[in-house]
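Colleague: Before I use this model, I would like to go through the labels attached to it and hear what each of them rests on.

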Amino acid sequence: MTPIDVAQLAECRLCPRLVQYRQSVKPPPRYAGWTYWNKPVPPWGDPQARLVIVGLAPAAHGGNRTGRMFTGDKSAQNLFQVLYQLGLSSSPYSLSKDDGTRLRCVYVTSAVKCAPLRNRPTAEEVANCNKWLRQELAALRPKSVVALGRVAWDAVLMAYGLKKQPFAHGAWVRVGETRIYASYHPSPLNVNSGRLTAAQLKEVILSAAEYAGCVE
């Protein structure tokens with residue numbers, strides 16, 4: 001169950017470039033036999049979530065393949081190891097829609113719902129997709145939001161009607177009773193380069209989870 005109409009989301013064709021790319025993605029040899037989702041990727045999580053985690057967009061061979069956000073790629077595994085350590089996920093992995101993983105107090109979504117070429121959506125595409133994020137945040141009314149990366153940070157601020165704020169790992173701003181936290185994205189590029197460690201990601205998510213009342 002999600003705060004948005006998943007069937008309506010799946011039919012979205014507002015951004016022609018994203019539609020063309022998501023539908024053109026073919027399985028590499030390691031995913032031979034997979035039938036790719038190749039549509040806007042639904043969010044998922046606890047319908048009573050008080051903490052929302054916002055990523056950039058589905059990966060071409062991650063969420064675009066599995067049909068579930070932050071599922072089936074290395075970024076997902078980096079994130080879910082931390083969520084599991086904090087008791088917010090039932091498993092330290094997110095592999096497929098039927099992997100049995102459950103989230104507690106957490107809802108996972110993205111700034112852009114379609115996989116973008118080279119993971120770089122345009123400003124117009126981010127703005128087009130912001131209507132979905134606004135619906136999600138308005139329905140959930142979370143206490144904390146963690147934006148993973150600059151694009152997600154800007155998109156969350158836009159959804160709340162806030163002016164742009166400088167992005168920095170560990171920064172946070174308040175809107176009403178909600179806090180918006182910034183973290184580098186747990187992508188392989190950031191993690192393998194040492195720009196983001198598991199401890200740094202855990203620190204931000206823990207701060208957000210404590211404020212939201214998800215952990216003691």
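**Cysteines, sheet and rings**

Modeller: The count comes to 1 disulfide, where a disulfide is a pair of cysteine sulfur atoms within 2.5 Å. This is a predicted model, in which local features need pLDDT of at least 70 and side-chain atom pairs count only at pLDDT 80 or more, while totals for chains, interfaces and linings use all residues. Residues are numbered from 1 along each chain as its sequence is written, and side-chain values use heavy atoms, with hydrogens and water left out.

Colleague: What makes cysteine 105 and cysteine 214 a disulfide?

Modeller: The S to S distance between cysteine 105 and cysteine 214 is 2.1 Å, and the cut-off asks for sulfur atoms within 2.5 Å, so the pair qualifies as a disulfide.

Colleague: Why is the disulfide of cysteine 105 and cysteine 214 called left-handed?

Modeller: It is called left-handed because the torsion about the S-S bond is about -65 degrees. Cysteine 105 lies in the loop between α4 (74-85) and β3, and cysteine 214 in the segment after α8, so the bond ties together parts that are 109 residues apart in sequence. Helices (H or I, at least four residues) and strands (E, at least two) are DSSP runs, numbered from the N terminus.

Colleague: What places valine 106 among the buried residues, and what is in contact with valine 106?

Modeller: Valine 106, in strand β3, counts as buried because its relative accessibility is 0%. Leaving aside neighbours within four places in sequence, valine 106 is in contact (heavy atoms within 4.5 Å) with Gly45, Asp46, Ala49, Leu51, Ile53 and Leu88.

Colleague: Which strands are the edge strands of the sheet, and what makes them so?

Modeller: The open sheet has 6 strands in the order β1-β3-β2-β4-β6-β5, with mixed pairing. Its edge strands are β1 (44-45) and β5 (172-175), each of which pairs on one side only. Two strands pair if DSSP finds at least two bridges between them; β5 and β6 (residues 178-183) have 4 bridges, in the antiparallel sense, so by that rule they are a pair. Within this pair, valine 173 stands opposite isoleucine 180.

Colleague: How do you know that the charged end of lysine 39 sits over the ring of tryptophan 37?

Modeller: The rule requires NZ of Lys or CZ of Arg to be within 6 Å of the ring centre and within 35 degrees of the ring normal. The charged end of lysine 39 is 4.1 Å from the ring centre of tryptophan 37 and sits over that ring. Likewise, the charged end of arginine 179 sits over the ring of tyrosine 211, 4.2 Å from its centre.

Methods: Buried < 20%, exposed > 50% of the residue type's maximum accessible area, 1.4 Å probe, protein only.
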